[in-house]
Amino acid sequence: MIADVSKSDKIVVEKSTVPVKTAEAIEKILTHNNKGINFQILSNPEFLAEGTAIEDLAKPDRVLIGGRETPEGQKAIEALKAVYAHWVPEENIITMNLWSAELSKLAANAILAQRISSINAMSALCEATGADVSEVAYAVGKDSRIGPKFLNASVGFGGSCFQKDILNLVYICECNGLTEVANYWKQVVQINDYQKSRFVKRVVSSMFNTVSGKKIAILGFAFKKDTGDTRETAAIDVCHGLLGDNAKISIYDPQVTADQIMRDLAMNKFDWDHPQHLQPMSPTAAKKVDVVWDAYEATKNAHGVCILTEWDEFKKLDYKKVYDGMQKPAFIFDGRNVINVEELRKIGFIVYSVGKPLDPWVKDLPAAPPS
């Protein structure tokens, strides 16, 4: 289409996270349809994080611009650089070759996800040994070479980028015969899947080895707080695991609509990437899933509560009120480490918090799902 409507030379900027060598594919298409017009392709991946996108646009850590190492390519890079220079300090604008720019975005996401999988792997060991993953993460993060970010243990990472980008990286490695490197990155995704299934196992084994017919409240469905995005959210896998054992689920999230939740629970993996009219709806999920608009409504008469998104409001709930409205023994499974475990135990809850010393109740129960 660009080739079709262009009447003068153009700089085409690729913003999306794409498989390495996409710029080359765009270049080939444009060159073969050029009608005497010159096209320069630049890779300029974005690094916006959901929930802080405007801030990330206004004050980016860095802006990457990749282009051809030819005079024309360099001229195109300078033209785009001049646009950013209106609000981004020059030292934060990095220029490089096309492939480096494309790969840098995949590498950044893979390494961020790897940090989460690393601390989540440690959380399993903390539970087994009586260590506290928050204390371990704090100590590790104090090392200036490591730093504190992305070291919060949780039920697992979600979002539309991390898993997709790592699998993209795995594919590129395999295509280039780098099997060992591909396997290394695959393991980051496998640890993430393990963490989610481990969480479900904790819930089921704590509650007398079955959640069949029991009401479980799910607090938080989005993949992280301050966004309504549910793509690849850990909540989907946790809900599927509980539904697989015939639990009745009551879900509350301050931003995600009931329609979206039902659609997510009815979809096959990765179908979220398809147009909405091609996404299948399954009537089975609806029978055992209730979406409510209040945390207290979700937890009323529940046997257990799972916190799956770190919304600030979940730190401020009146947990005495929650406890009084629940079936006893009342269980709380904190997948985001947002609650004060000791205070909740004083109220009377049996508490499981990822990577924290275990409640005597769950100590002797199996720690990991059978492989």
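The side chains of Gln-195 and Arg-198 are joined by a polar contact of 3.1 Å. A polar contact here is a pair of N or O atoms within 3.5 Å; within protein, one must be able to donate a hydrogen and the other to accept it, and residues adjacent in sequence count only if both atoms are side-chain atoms. The model is predicted, so local features need pLDDT of at least 70 and side-chain atom pairs count only at pLDDT 80 or more, while totals for chains, interfaces and linings use all residues. Residues are numbered from 1 along each chain as its sequence is written, and side-chain values use heavy atoms, with hydrogens and water left out.

Stay with Gln-195. This residue is found in helix α8, residues 179-206. Helices (H or I, at least four residues) and strands (E, at least two) are DSSP runs, numbered from the N terminus. Gln-195 counts as buried because its relative accessibility is 1%. Buried means under 20% relative accessible area, exposed over 50%, and partly exposed in between (1.4 Å probe, protein chains only). The side chain of Gln-195 also reaches the backbone oxygen of Ser-154, at 2.9 Å. Contact means heavy atoms within 4.5 Å. Leaving aside neighbours within four places in sequence, Gln-195 is in contact with Asn-120, Ser-123, Ser-154, Val-155, Gly-156 and Val-354.

Now look at Tyr-194, which also lies in helix α8. Tyr-194 counts as partly exposed, because its relative accessibility is 30%. The C-alpha atoms of Tyr-194 and Asn-120 are separated by 9.4 Å, and the two residues are 74 residues apart along the chain.

Step back to the whole protein. There are 15 helices and 10 strands. Along its principal axes, the C-alpha trace spans about 75 × 50 × 40 Å. Of the 371 residues, 47% count as buried. Among contacts with a separation of 6 or more, residues 24 or more positions apart account for 75%.

Next comes the interior. In soluble globular proteins, nonpolar side chains tend to be buried together. A nonpolar core is a set of buried Ala, Val, Leu, Ile, Met, Phe, Trp, Tyr and Cys residues joined through side-chain atoms within 4.5 Å. The largest one has 66 residues, and Phe-199, Leu-242, Tyr-319 and Phe-349 have the most contacts inside it. Helix α9 (residues 234-244) gives the most to this core, with seven residues. A second, separate core has 16 residues, including Leu-106, Phe-162, Val-170 and Ile-172.

The buried residues of α9 are Ala-234, Ala-235, Ile-236, Val-238, Cys-239, Leu-242 and Leu-243. Just after α9, Asn-246 takes a positive phi of about 65°. Then turn to Tyr-319. Not counting residues up to four places away in sequence, Tyr-319 touches Ile-307, Phe-314, Ile-332, Ile-339, Leu-344, Ile-347 and Phe-349.

Two further stops remain. Gln-40 has its place in strand β2, residues 39-43. Its relative accessibility is 17%, so Gln-40 counts as buried. Residues up to four places away in sequence aside, Gln-40 touches Lys-10, Ile-11, Val-12, Arg-68, Glu-72, Gly-73 and Ala-76. Glu-342 sits in helix α14, residues 341-347. With a relative accessible area of 49%, Glu-342 is partly exposed. Glu-342 and Pro-360 are 18 residues apart in sequence and 13 Å apart in space, C-alpha to C-alpha.
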